[in-house]
Amino acid sequence: FDGLNCDWGFSNYVNPPFGSIIGQDGKKKGPTAWAKKAIEENKKGKTVVLVFPTDKWIHYLINAGAELRSFGDVRWLATEDGEPGKGIGRFTMGFILRGQK
């Protein structure tokens, strides 16, 4: 059974493989494929609970009220000449803990 290649129900609890699998098309499928499928199904009006393991420190920040911002694949600027780097090939997330006013 390949949950990536079928329509999901109206309300879905999805506990996909935490690593990569080989899909019916013979290609490697990992967490990104499941996240994209969950978003696609949600755009059809469906509810999706997607479960993945994460590091403890992420939970600490979220439970402390951190706001999350996606920065994408950041191309950090070199301190020597200000030129952008190649990026790391992974997306970066900002966790914002706001001070008291």
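How many aromatic pairs does the structure hold? I looked and found two. Rings of Phe, Tyr and Trp (its six-membered ring) pair if their centres lie within 6.5 Å; planes under 30 degrees apart are stacked, over 60 edge-to-face, and the rest tilted.

Before going on, a note on the basis. I'm working from a predicted model, where local features need pLDDT of at least 70 and side-chain atom pairs count only at pLDDT 80 or more, while totals for chains, interfaces and linings use all residues. Residues are numbered from 1 along each chain as its sequence is written, and side-chain values use heavy atoms, with hydrogens and water left out.

**Entry: the pairs**

I checked phenylalanine 18 and phenylalanine 52: they form a tilted pair, 6.5 Å centre to centre with 50° between the planes. They sit 34 residues apart, phenylalanine 18 in the loop between strands E1 (11–14) and E2 (21–22), phenylalanine 52 in the loop between strand E4 (47–50) and H2. Helices (H or I, at least four residues) and strands (E, at least two) are DSSP runs, numbered from the N terminus.

Next I looked up tryptophan 57 and phenylalanine 95, an edge-to-face pair at 5.4 Å centre to centre and 70° between the planes. Tryptophan 57 is in helix H2 and phenylalanine 95 in strand E6, so this pair ties together parts 38 residues apart in sequence.

Tryptophan 57 is partly exposed at 44%, and phenylalanine 95 is partly exposed at 24%.

How values were computed:
Buried < 20%, exposed > 50% of the residue type's maximum accessible area, 1.4 Å probe, protein only.
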